Amino acid sequence: MNFSQRIFGRLLCLAGLAVLAGCAHPVSIRSDVTYPKGQATNDASVGYYISDSNRKLEVTTPGGGGDKIRYFPYRDLEPALLETLGSVFGKVYALPDAGRAEYIKAHDITFVFEPVFTTGSSSDSMMFWPATDFDLTMKVTAVDSIGKTIWERQFTGHGHVDKNRSLVDVPPAKVAAKQVFEQLRQALVNESSFQRGSVIGQN
(Lines give C-alpha, C1' and ligand atoms only; values in the text may rest on other atoms or scores of the structure.)
Protein backbone atom coordinates (compact mmCIF):
# COMPACT_ATOMS: atom_id res chain seq x y z
CA MET A 1 0.00 0.00 0.00
CA ASN A 2 1.53 3.32 -1.04
CA PHE A 3 1.47 6.55 0.93
CA SER A 4 -1.58 8.05 -0.81
CA GLN A 5 -3.59 4.87 -0.24
CA ARG A 6 -2.73 4.93 3.48
CA ILE A 7 -3.80 8.57 3.77
CA PHE A 8 -7.05 7.83 1.93
CA GLY A 9 -7.75 4.90 4.22
CA ARG A 10 -7.21 7.02 7.30
CA LEU A 11 -9.54 9.69 5.95
CA LEU A 12 -12.21 7.07 5.40
CA CYS A 13 -11.82 5.89 8.98
CA LEU A 14 -12.13 9.43 10.28
CA ALA A 15 -15.22 10.00 8.17
CA GLY A 16 -16.74 6.81 9.52
CA LEU A 17 -16.08 7.89 13.09
CA ALA A 18 -17.64 11.28 12.42
CA VAL A 19 -20.80 9.62 11.09
CA LEU A 20 -20.99 7.33 14.11
CA ALA A 21 -20.48 10.23 16.52
CA GLY A 22 -23.07 12.42 14.78
CA CYS A 23 -23.00 16.16 14.29
CA ALA A 24 -25.00 18.93 15.94
CA HIS A 25 -26.15 21.23 13.14
CA PRO A 26 -26.92 24.89 13.96
CA VAL A 27 -30.49 25.83 12.97
CA SER A 28 -33.15 28.41 13.83
CA ILE A 29 -36.58 27.64 15.27
CA ARG A 30 -37.77 31.24 14.82
CA SER A 31 -41.46 31.34 14.01
CA ASP A 32 -43.03 34.14 11.96
CA VAL A 33 -46.09 34.64 14.17
CA THR A 34 -48.02 37.72 13.05
CA TYR A 35 -51.36 39.31 13.93
CA PRO A 36 -53.28 42.21 12.40
CA LYS A 37 -52.19 45.56 13.79
CA GLY A 38 -54.55 47.57 15.96
CA GLN A 39 -56.29 44.49 17.35
CA ALA A 40 -55.25 44.91 20.99
CA THR A 41 -58.09 44.15 23.37
CA ASN A 42 -56.52 45.70 26.48
CA ASP A 43 -54.79 49.08 26.73
CA ALA A 44 -52.63 48.08 29.71
CA SER A 45 -48.84 48.30 29.55
CA VAL A 46 -47.20 44.92 30.23
CA GLY A 47 -43.70 43.54 30.21
CA TYR A 48 -41.99 40.25 29.64
CA TYR A 49 -38.79 38.99 31.14
CA ILE A 50 -36.19 36.77 29.51
CA SER A 51 -32.84 36.71 31.27
CA ASP A 52 -29.67 37.38 29.33
CA SER A 53 -28.47 33.90 30.27
CA ASN A 54 -31.60 32.34 28.74
CA ARG A 55 -31.13 34.33 25.54
CA LYS A 56 -27.66 32.79 25.30
CA LEU A 57 -28.89 29.30 26.14
CA GLU A 58 -28.20 26.83 23.33
CA VAL A 59 -30.13 23.55 23.27
CA THR A 60 -29.22 20.38 21.40
CA THR A 61 -31.91 17.83 20.48
CA PRO A 62 -32.02 14.80 18.14
CA GLY A 63 -32.30 15.06 14.37
CA GLY A 64 -32.13 12.33 11.77
CA GLY A 65 -29.41 9.99 10.60
CA GLY A 66 -27.85 9.91 14.05
CA ASP A 67 -27.20 13.65 13.99
CA LYS A 68 -28.54 16.44 16.20
CA ILE A 69 -29.72 20.00 15.83
CA ARG A 70 -28.77 22.92 18.06
CA TYR A 71 -30.54 26.25 18.48
CA PHE A 72 -31.32 29.09 20.89
CA PRO A 73 -34.97 28.64 21.95
CA TYR A 74 -35.41 31.89 23.90
CA ARG A 75 -33.64 34.06 21.36
CA ASP A 76 -35.47 32.43 18.45
CA LEU A 77 -38.95 32.54 20.05
CA GLU A 78 -38.75 35.98 21.69
CA PRO A 79 -40.10 37.84 18.61
CA ALA A 80 -43.19 35.58 18.57
CA LEU A 81 -43.77 36.23 22.27
CA LEU A 82 -43.50 39.99 21.72
CA GLU A 83 -45.86 39.84 18.73
CA THR A 84 -48.42 37.78 20.67
CA LEU A 85 -48.44 40.03 23.73
CA GLY A 86 -48.57 43.09 21.48
CA SER A 87 -51.70 41.76 19.79
CA VAL A 88 -53.52 41.77 23.15
CA PHE A 89 -52.05 44.63 25.20
CA GLY A 90 -51.52 48.28 24.35
CA LYS A 91 -47.78 48.43 25.10
CA VAL A 92 -45.22 45.68 25.64
CA TYR A 93 -41.76 46.15 27.12
CA ALA A 94 -38.80 43.80 27.40
CA LEU A 95 -37.58 44.04 30.99
CA PRO A 96 -33.84 44.37 31.62
CA ASP A 97 -31.87 42.07 33.92
CA ALA A 98 -30.91 44.92 36.24
CA GLY A 99 -33.18 47.58 37.73
CA ARG A 100 -36.41 45.79 36.92
CA ALA A 101 -38.43 47.34 39.76
CA GLU A 102 -37.49 50.86 38.67
CA TYR A 103 -38.19 50.00 35.03
CA ILE A 104 -41.65 48.63 35.86
CA LYS A 105 -42.54 51.77 37.79
CA ALA A 106 -41.17 54.15 35.16
CA HIS A 107 -43.22 52.51 32.38
CA ASP A 108 -46.39 51.95 34.42
CA ILE A 109 -46.24 48.21 33.76
CA THR A 110 -49.18 46.30 35.21
CA PHE A 111 -48.22 42.67 34.52
CA VAL A 112 -44.95 40.91 33.72
CA PHE A 113 -44.90 37.64 31.80
CA GLU A 114 -42.05 35.17 32.07
CA PRO A 115 -41.87 32.15 29.71
CA VAL A 116 -40.12 28.83 30.24
CA PHE A 117 -39.54 26.87 27.03
CA THR A 118 -39.01 23.13 26.80
CA THR A 119 -38.22 21.61 23.40
CA GLY A 120 -37.73 18.23 21.80
CA SER A 121 -37.14 16.97 18.28
CA SER A 122 -36.79 13.77 16.30
CA SER A 123 -36.76 12.48 12.74
CA ASP A 124 -38.20 9.51 10.91
CA SER A 125 -35.32 9.64 8.42
CA MET A 126 -32.26 7.40 8.75
CA MET A 127 -30.41 9.27 5.99
CA PHE A 128 -31.01 13.00 6.42
CA TRP A 129 -30.25 15.03 9.56
CA PRO A 130 -33.00 17.72 9.54
CA ALA A 131 -35.71 17.02 12.13
CA THR A 132 -39.16 16.02 10.88
CA ASP A 133 -40.88 16.33 14.28
CA PHE A 134 -40.70 19.04 16.92
CA ASP A 135 -42.33 19.45 20.33
CA LEU A 136 -42.61 22.73 22.18
CA THR A 137 -43.95 23.41 25.66
CA MET A 138 -44.24 26.95 27.00
CA LYS A 139 -45.04 27.59 30.64
CA VAL A 140 -45.98 31.23 31.21
CA THR A 141 -46.14 32.91 34.61
CA ALA A 142 -47.54 36.40 35.10
CA VAL A 143 -46.77 38.56 38.11
CA ASP A 144 -48.21 41.91 39.11
CA SER A 145 -46.24 45.10 39.60
CA ILE A 146 -45.10 44.03 43.09
CA GLY A 147 -43.94 40.58 41.95
CA LYS A 148 -46.88 38.48 43.13
CA THR A 149 -47.74 35.51 40.89
CA ILE A 150 -51.27 36.02 39.60
CA TRP A 151 -51.54 33.76 36.55
CA GLU A 152 -49.89 30.63 35.24
CA ARG A 153 -50.59 28.50 32.19
CA GLN A 154 -48.85 25.85 30.11
CA PHE A 155 -49.22 25.39 26.36
CA THR A 156 -47.97 22.60 24.10
CA GLY A 157 -47.52 22.22 20.37
CA HIS A 158 -46.32 19.52 17.99
CA GLY A 159 -45.17 19.94 14.41
CA HIS A 160 -44.51 17.26 11.78
CA VAL A 161 -43.40 17.41 8.17
CA ASP A 162 -43.13 14.35 5.95
CA LYS A 163 -39.80 15.46 4.53
CA ASN A 164 -37.55 18.19 5.87
CA ARG A 165 -34.59 19.15 3.73
CA SER A 166 -34.02 22.65 5.12
CA LEU A 167 -30.46 23.23 6.32
CA VAL A 168 -31.33 26.47 8.15
CA ASP A 169 -34.88 26.39 9.52
CA VAL A 170 -36.93 23.69 11.24
CA PRO A 171 -40.40 23.70 9.62
CA PRO A 172 -42.00 21.45 12.26
CA ALA A 173 -40.76 23.87 14.94
CA LYS A 174 -42.59 26.70 13.19
CA VAL A 175 -45.79 24.63 13.24
CA ALA A 176 -45.39 23.83 16.94
CA ALA A 177 -44.63 27.45 17.83
CA LYS A 178 -47.66 28.72 15.92
CA GLN A 179 -49.87 26.34 17.89
CA VAL A 180 -48.36 27.38 21.23
CA PHE A 181 -48.55 31.13 20.68
CA GLU A 182 -52.09 30.96 19.32
CA GLN A 183 -53.05 29.11 22.51
CA LEU A 184 -51.37 31.81 24.58
CA ARG A 185 -53.15 34.60 22.73
CA GLN A 186 -56.52 32.93 23.08
CA ALA A 187 -55.96 32.41 26.80
CA LEU A 188 -55.05 36.07 27.27
CA VAL A 189 -58.07 37.26 25.30
CA ASN A 190 -60.41 34.98 27.21
CA GLU A 191 -59.00 36.02 30.59
CA SER A 192 -61.44 38.82 31.40
CA SER A 193 -59.65 39.51 34.67
CA PHE A 194 -56.64 40.94 32.81
CA GLN A 195 -57.64 44.49 33.53
CA ARG A 196 -55.53 47.27 34.95
CA GLY A 197 -55.09 46.82 38.68
CA SER A 198 -57.10 43.62 38.97
CA VAL A 199 -55.99 40.43 40.68
CA ILE A 200 -56.17 37.19 38.75
CA GLY A 201 -56.70 33.91 40.48
CA GLN A 202 -54.55 30.96 39.42
CA ASN A 203 -56.14 27.97 37.71
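An open sheet of three strands shows mixed pairing and the strand order 1-4-3, where strands are DSSP runs (E, at least two residues) numbered from the N terminus and two strands pair if DSSP finds at least two bridges between them. The model is predicted: local features need pLDDT of at least 70 and side-chain atom pairs count only at pLDDT 80 or more, whereas totals for chains, interfaces and linings use all residues. Residues are numbered from 1 along each chain as its sequence is written, and side-chain values use heavy atoms, with hydrogens and water left out.

Strand 1 (24-26) and strand 3 (59-62) form the edges of the sheet, each pairing on one side only. Strand 3 runs antiparallel to strand 4 (residues 68-71), to which four bridges join it; valine 59 has tyrosine 71 in strand 4 as its bridge partner.

Six aromatic pairs are present in the structure, a pair being rings of Phe, Tyr and Trp (its six-membered ring) with centres within 6.5 Å, classed as stacked for planes under 30 degrees apart, edge-to-face for over 60 and tilted for the rest. Tyrosine 93 and tyrosine 103 form an edge-to-face pair, at 6.2 Å centre to centre and 80 degrees between the planes. This pair links distant parts of the chain, with tyrosine 93 in strand 5 (residues 89-94) and tyrosine 103 in helix 4 (residues 100-106), 10 residues apart; helices are DSSP runs (H or I) of at least four residues. Ring pairs also link Tyr74, Phe117 and Phe181 into a cluster.
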